[in-house]
Amino acid sequence: MTSVRTDQIKMSDSEIIEKVLSGDVDYFEIIVKKYEKMIYNLAIVKTHNRENAQDISQECFLRAYKMLRSYKTDSAFSTWIYRICQNLIFDFYRKNKKIKTVSLSAPDLYDEDQNQKNKEKDIEDTDSEPAEQVIRAEKTEKIREIINSLPEDLKEIIILRDLNDISYAQIAEMLDIEIGTVKSRLSRAREKLKDYIIKNNKNGELF
């Protein structure tokens with residue numbers, strides 16, 4: 001695909017998809033760049049395996065491209081592609097019931113600058129101080145350990161909201177839950193992160 005201009009990235013998903021369906025297939029690169037972090041993070045959280053996560057991510061975008069005409073604009077594109085990824089993860093485990101995952105203290109999270117290497121991540125919420133401390137910490141092994149220590153439903157919320165800055169409404173649609181449930185789970189997740197920090201905070205340091 002050819003390189004896209006930065007002004008094109010400001011287009012809405014619907015506008016981009018319309019371009020792709022009209023024959024300007026290079027515009028799909030914008031979709032990939034916009035959602036590759038979210039998709040990879042979901043895949044690595046669920047599989048705990050870098051290669052599997054990369055394969056699922058690639059297949060997700062390939063399938064999305066092939067199925068693009070079936071996308072209905074009455075729902076967010078992020079929800080649509082998120083569910084494609086969820087289905088691929090489900091199919092992966094259904095076909096590989098005895099698969100062994102790579103032993104990791106926790107999964108690598110996607111980083112745009114280092115191409116899927118572990119680095120610090122920022123959180124935008126003003127009420128997310130515990131998660132901010134974790135995500136901004138320099139010791140990435142501990143970051144991964146903390147995130148991976150959460151229950152699956154709470155981990156998913158942290159990945160979507162704090163690592164990908166997905167809105168509460170979009171998360172609710174993606175997970176098919178109420179916005180109140182999203183906020184409740186996020187609060188519980190951040191509280192668990194805070195507890196972890198307190199328990200592991202020695203001599204006034206984070207870790």
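Contact here means heavy atoms within 4.5 Å.

## Basis of the model

The model is predicted, with local features requiring pLDDT of at least 70 and side-chain atom pairs counted only at pLDDT 80 or more, while totals for chains, interfaces and linings use all residues. Residues are numbered from 1 along each chain as its sequence is written, and side-chain values use heavy atoms, with hydrogens and water left out.

## Helices α1 and α2

D13, I16 and V20 of α1 are in contact with F28, I30, I31, K34 and Y35 of α2. By class, the residues of this contact are 6 nonpolar, no polar and 2 charged (nonpolar covers Ala, Val, Leu, Ile, Met, Phe, Trp, Tyr, Cys and Pro; charged covers Asp, Glu, Lys and Arg; the others, Gly among them, are polar). Helices are DSSP runs of H or I with at least four residues, numbered from the N terminus.

Helix α1 spans residues 13-21 and helix α2 residues 28-47; their axes lie 8 Å apart at an angle of about 140°. This angle makes α1 oblique to α2 (under 35 degrees is roughly parallel, over 145 roughly antiparallel, 65 to 115 roughly perpendicular, and the rest oblique). The axes are lines fitted to C-alpha atoms, for helices over the stretch in contact, and angles run from 0 to 180 degrees between N-to-C directions.

## Helices α8 and α9

Helix α8 (residues 168-175) and helix α9 (residues 179-200) cross at roughly 100°, and their axes come within 8 Å. The two helices α8 and α9 are therefore roughly perpendicular to each other. On the α8 side the contact uses Y168, A169, I171 and A172, and on the α9 side I179, V182, K183 and L186. The residues of this contact comprise 7 nonpolar, no polar and 1 charged.

## I81 in helix α4

I81 lies in helix α4, which covers residues 77-95. With 0% relative accessibility, I81 counts as buried (buried is under 20% relative accessible area, exposed over 50%, and partly exposed in between, using a 1.4 Å probe and protein chains only).

Leaving aside residues up to four places away in sequence, I81 touches Y35, M38, I39, C60, F61 and A64. The C-alpha atoms of I81 and Y65 are separated by 10.0 Å, and these residues are 16 apart along the chain.

## Salt bridges

The structure holds 9 salt bridges, each defined as a side-chain nitrogen of Lys or Arg within 4 Å of a carboxyl oxygen of Asp or Glu. In helix α4, R94 and D91 are 3 residues apart, separated by about one helical turn, and their side chains form a salt bridge at 3.4 Å, N to O. R94 is partly exposed, at 45% relative accessibility.

Helix α7 (residues 152-163) holds K155 and E152, also 3 residues apart and separated by about one helical turn. Their side chains meet in a salt bridge of 3.1 Å, N to O. K155 is buried, at 2% relative accessible area, whereas E152 is partly exposed, at 35% relative accessibility.

The side chains of D162 and R190 form a salt bridge at 2.6 Å, N to O. D162 belongs to helix α7 and R190 to helix α9, so the pair ties together parts that are 28 residues apart in sequence. Both D162 and R190 are buried. Elsewhere, salt bridges with shared partners join K46, E152, K155 and E156 into one network.
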